[in-house]
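Dear colleague,

Please find the structure below for your records. The findings follow directly after it.

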Amino acid sequence: GMGKTTLAKAVGNTTKEQKIFDEVIMVGVSQVVNIMSLQDQIADSLSLKLEEKSELGRAKRLSLRLKSENKILLILDDVWTKLDLRTIGIPFGDEHIGCKILITTRVERVCIAMECKQKVQLNVLNQKEGMDLFKKHARVGDDSTVLSDVAKRVLKKCNGLPLAL
């Protein structure tokens with residue numbers, strides 16, 4: 001509800017348009033982590049067929065393919081627990097300095113456990129920001145006092161969450 005996925009998509013699109021990265025891949029992780037599914041999502045984005053049966057074999061092949069990209073941004077969306085990137089086949093750090101990883105999570109301890117270098121915290125909208133967003137999308141003008149009252153009640157119910165608004 002904070003806009004993490006939307007913001008991550010925008011970062012991916014912008015960096016691709018500005019040619020900061022040769023390849024931008026976004027995969028959904030979710031609460032129940034399925035390594036083979038993550039490997040498949042990444043491989044599909046790279047037009048790579050993973051025929052290996054074991055996670056380890058698939059991870060090795062995937063890692064080699066990712067390393068063949070000069071500059072790549074991998075967005076891991078909706079991460080709930082620490083991921084072992086090597087098990088998935090994602091090179092990081094000195095393994096491939098051209099591979100950058102962006103993680104979205106609602107759990108700060110995931111960032112700590114994964115030793116994220118930078119964190120960007122998204123906060124709820126304050127009352128003015130929420131009202132402006134609501135009025136813009138509901139097409140409510142400042143001159144409509146009845147609708148403004150309704151907008152204030154909706155804003156209060158949504159607790160400043162952009163998606164709810």
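In helix H3, the residues Gly57, Arg58, Ala59, Leu62, Ser63 and Leu66 are buried, where buried means under 20% relative accessible area, exposed over 50% and partly exposed in between, with a 1.4 Å probe and protein chains only. Helices (H or I, at least four residues) and strands (E, at least two) are DSSP runs numbered from the N terminus. The cover over the buried residues of H3 includes E1, H2, E2 and helix H4 (85–88).

The model is predicted: local features require pLDDT of at least 70, side-chain atom pairs count only at pLDDT 80 or more, and totals for chains, interfaces and linings use all residues. Residues are numbered from 1 along each chain as its sequence is written, and side-chain values use heavy atoms, with hydrogens and water left out.

Helix H3 covers residues 55–67, and its 13 residues should span 18 Å at 1.5 Å a residue; the expected span is 1.5 Å times one less than the number of residues. The end C-alpha atoms of H3 are 18 Å apart, which agrees. Serine 63 lies in this helix and counts as buried because its relative accessible area is 11%. Apart from neighbours within four places in sequence, serine 63 is in contact with Gly89 and Pro91, contact meaning heavy atoms within 4.5 Å.

**The sheet**

Three strands form an open sheet in the order E1-E2-E3, with parallel pairing; two strands pair if DSSP finds at least two bridges between them. E1 and E3 stand at the edges with a single partner strand each, so one side of each is left without a neighbour in the sheet. From one strand to the next, the twist averages 20 degrees. Axes here are lines fitted to C-alpha atoms, for helices over the stretch in contact, and angles run from 0 to 180 degrees between N-to-C directions. Helix H2 (residues 35–45) packs on the sheet and touches E1 and E2, its direction making about 160 degrees with that of E1.

Strand E1 (residues 23–30) is joined to E2 by seven bridges, and E2 is joined to strand E3 (residues 99–103) by five bridges. Leucine 76 in E2 stands opposite valine 27, and leucine 76 also stands opposite isoleucine 103 in E3. Strand E2 (residues 72–79) is mostly covered, with seven of its eight residues buried.

**Cysteines**

How many disulfides does a search of the whole structure find? The search finds zero, a disulfide being a pair of cysteine sulfur atoms within 2.5 Å. Cysteine 111 is in no disulfide, and the nearest cysteine sulfur, that of cysteine 116, is 4.3 Å away. Cysteine 111 counts as buried because its relative accessibility is 13%. Cysteine 99 also counts as buried, at 6% relative accessibility.

**The protein as a whole**

The protein contains seven helices and three strands, and from the N terminus on its elements run α-β-α-α-β-α-β-α-α-α. Of its 165 residues, 35% are buried. Among contacts between residues at least 6 apart in sequence, 62% join residues at least 24 apart. The accessible surface comes to about 10800 Å², of which 52% belongs to carbon and sulfur atoms; accessible areas come from the Shrake-Rupley method with a 1.4 Å probe, and for residues only the protein chains shown count as cover.

Yours sincerely
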